[in-house]
Amino acid sequence: MSAVIVETPRPARPVEVETAVLDIVENALRNARFEMDAVVLRTAMSPGIREQHDAFPLIADRRGRMVAGQFGSFIDGFLSGYDGTVEEGDVFFTSDPYACDGAISHANDWLVLLPIYHQRALVGWAAMFGHMSDVGGKVPGSLPTDAVSIHEEGVIVPPVKLFRGGTLDAQLLDTVLNQVRLPSWNRADLNAVLASCRTAETRVRELCDRFGVDTYLSTLDLLLERNRQAMAKLFRQVIPEQPVTFEDFVDDDGRGEGPFRIRCTLWRDGDRVILDFTGTSDQADGSINFLLNENVLRMFFGVYTIMAVDPLILFNDGFYPLVDVRIPEGSLLKPRRPAAISCRTHALGRLFDVLAGLLGQCEPDFLCAAGFSSSPHLMFSGLDRSGKWFQLYQIGFGGVPARPIGDGFDGHSMWPSFTNVPNEYLEAYYPLRIESYESIPDSGGAGLHRGGNGIRVGYRFLEPGQVSIHDDRWFTKPWGVLGGEPGQRGTKILERADGSRQVVPAKCDHVAVTPGDLLHFVTWGGGGWGDPLQRDPEQVRYDVEQGLVTVEGARRYGVVLAGDDVDHGRTRALRAELAAARQDLPRFNRGGTLEELKARCLTETGLAPPREPSRSRLRGEPTAAPGRTADTARTRRPVEADRAGGIRSAGPAPRPETPALSPLEALVHHIARQVTRR
């Protein structure tokens with residue numbers, strides 16, 4: 001089963017493309033991708049998208065292969081799972097990860113896909129998904145930490161046509177928006193995402209008019225093939241045939257169980273790279289499961305390899321056939337429907353640490369420490385004194401890991417395009433005051449290169465409400481490498497107006513706050529790289545001067561300060577003493593084994609250690625997701641190729657004799673099934 005493209009068939013005519021045309025088209029598409037970002041940021045309403053840029057665009061060829069974008073192609077998952085036609089003027093919309101093979105990873109991500117036609121033939125796709133601040137469900141923000149089913153996490157929209165032949169299905173949209181807490185935000189954000197796709201559509205059509213369709217399509221094929229050849233050469237250089245294995249952990253599932261292992265083995269067979277996740281923990285009962293789309297992982301792996309080895313390689317989907325991804329069914333990274341997946345960000349981010357550990361073993365010169373591999377969320381909601389509903393969704397920043405080329409950044413996002421929400425914005429639109437926003441000295445791991453520091457944000461609440469927190473690395477530590485020390489864990493402390501204090505779990509909902517309460521939201525630091533005793537003492541002195549390291553913390557580097565200057569004599573003596581007392585420097589320093597961390601957990605964190613995970617009691621649903629057979633719901637099938645460009649294509653065809661449900665009817669039936677299963 002796959003989508004049927006309705007178009008006026010045209011024979012494929014590959015043509016020679018001049019180098020200048022190749023460069024013009026490539027840069028025009030890159031500019032169009034950034035123009036998509038600009039459109040969203042100027043027209044979205046929620047702070048998550050407008051202020052923090054939590055939306056991801058792409059432009060693809062007619063087969064759905066990304067030629068410009070950020071998060072990798074999610075069109076293939078849609079095409080292989082959508083049982084219907086694709087026609088000019090259609091715009092598709094979905095928020096169901098299980099219906100598109102994890103092309104989006106939780107119901108908060110609303111995905112819009114727009115087929116681009118030129119002269120009645122499909123020439124490409126524009127798509128974008130954005131994180132909606134709320135999609136209904138049992139808690140404000142729609143990311144319940146204690147959910148055991150996706151049906152608790154908000155409205156789930158199967159792949160439907162939002163526009164059919166250019167006409168909006170207003171009833172469908174109104175039905176969806178009726179399920180959320182902030183329909184005006186969702187409507188504005190969805191329109192912003194749609195407008196960005198329309199912008200890309202215009203730019204692609206302009207290129208087809210300027211150079212001709214045959215030249216445009218041939219140029220995309222060349223861009224993809226150039227990437228494949230470059231990546232094949234790079235893989236042969238840096239990926240060994242001998243397998244290497246690495247593992248890391250998500251601390252807990254929000255229900256008291258953990259840690260959950262993410263284990264991957266990497267090797268190369270000829271030009272093909274294999275990433276095998278055998279040994280990864282079974283899916284969790286809680287909502288930390290991550291339905292990992294294979295193409296998304298290929299994108300992560302490719303981008304990380306390019307950035308570590310050869311940043312001059314231009315990124316697109318051309319190399320995907322070179323990477324074989326193997327993920328066990330029923331595991332944390334391939335849960336069975338209806339497993340809860342709303343809090344998947346921790347497993348998603350931890351993949352970057354796993355890739356760092358794998359590639360660093362292949363090429364030690366490229367080894368990075370562990371860092372801020374998550375996007376911790378804070379949700380604050382309630383009614384203000386005028387009776388108006390308010391709802392904040394904010395992503396926190398932390399310490400970037402130390403790298404072979406230098407220190408990690410302090411207080412930075414995991415995603416390069418994310419920016420912080422200005423404190424002035426928060427104080428203007430929400431009943432709270434930001435009392436501190438600062439780097440935490442010594443929270444980055446010591447090393448020849450220092451890990452980036454985490455940050456402390458102090459939220460003083462001015463109205464009663466409730467808080468949800470989603471974070472990780474409160475139990476395990478961001479590991480250091482090649483002698484570098486691990487970074488400091490994250491922690492959350494709620495200081496009540498009456499003076500009492502409590503440590504708040506990293507994953508929790510329904511935390512009641514009252515006026516005057518102060519939440520200390522502390523994020524974790526990045527691990528250090530290399531021997532701390534080799535760091536230039538003058539650099540340590542400068543770090544102390546800048547407030548990034550304390551005077552006492554300088555001693556981790558064997559540096560003694562006398563006033564504002566380095567005491568070189570005492571520094572040499574201390575370094576000699578520390579060097580004599582230690583053993584061989586470890587390649588990976590996790591701060592202890594899991595057993596040791598559990599034994600020290602309560603003392604060091606103020607929280608009890610997580611319980612050993614039990615085998616998940618959840619089973620897959622006996623029936624498939626809407627619009628899919630039971631077979632295709634479990635096994636992904638490739639889209640049937642044709643000579644014109646790889647998609648099953650059809651000219652204008654007669655309608656089926658038996659009428660199908662309208663999109664609105666299909667959505668209502670789907671929602672009804674969800675309700676009856678609860």
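The legends below accompany close-up views of a predicted model.

**View 1. Strand β7 and its pairing with strand β2.** Strand β7, which spans residues 121-131, is mostly covered, with eleven of its eleven residues buried. Strand β2, made up of residues 55-60, pairs with β7 in the antiparallel sense, and six bridges connect the two. Within this pairing, A55 has G130 of β7 as its bridge partner.

**View 2. The hairpin of strands β6 and β7.** Strand β6, covering residues 109-118, runs antiparallel to β7, and ten bridges join these two strands. One of the residues that can be followed here is H118, whose bridge partner in β7 is A121. Two residues lie between the strands of this hairpin, and Q119 takes a positive phi near 55°.

**View 3. The buried side of helix α10.** Helix α10 comprises residues 537-545, and its buried residues are P537, V540, R541, D543 and V544. These residues lie on the same side of α10, because they cover an arc of only 160° around the axis. Among the elements that cover the buried residues of α10 are β24 (561-562), β25 (565-566) and α11 (568-581).

View 4. Just after α10 comes G547, which takes a positive phi of about 80°.

Conventions: Residues are numbered from 1 along each chain as its sequence is written. This is a predicted model: local features need pLDDT of at least 70, side-chain atom pairs count only at pLDDT 80 or more; totals for chains, interfaces and linings use all residues. Side-chain values use heavy atoms; hydrogens and water are left out. Buried means under 20% relative accessible area, exposed over 50%, partly exposed in between (1.4 Å probe, protein chains only). Helices (H or I, at least four residues) and strands (E, at least two) are DSSP runs, numbered from the N terminus. Two strands pair if DSSP finds at least two bridges between them. The arc is that of the directions from the helix axis to the C-beta atoms. Contact means heavy atoms within 4.5 Å.
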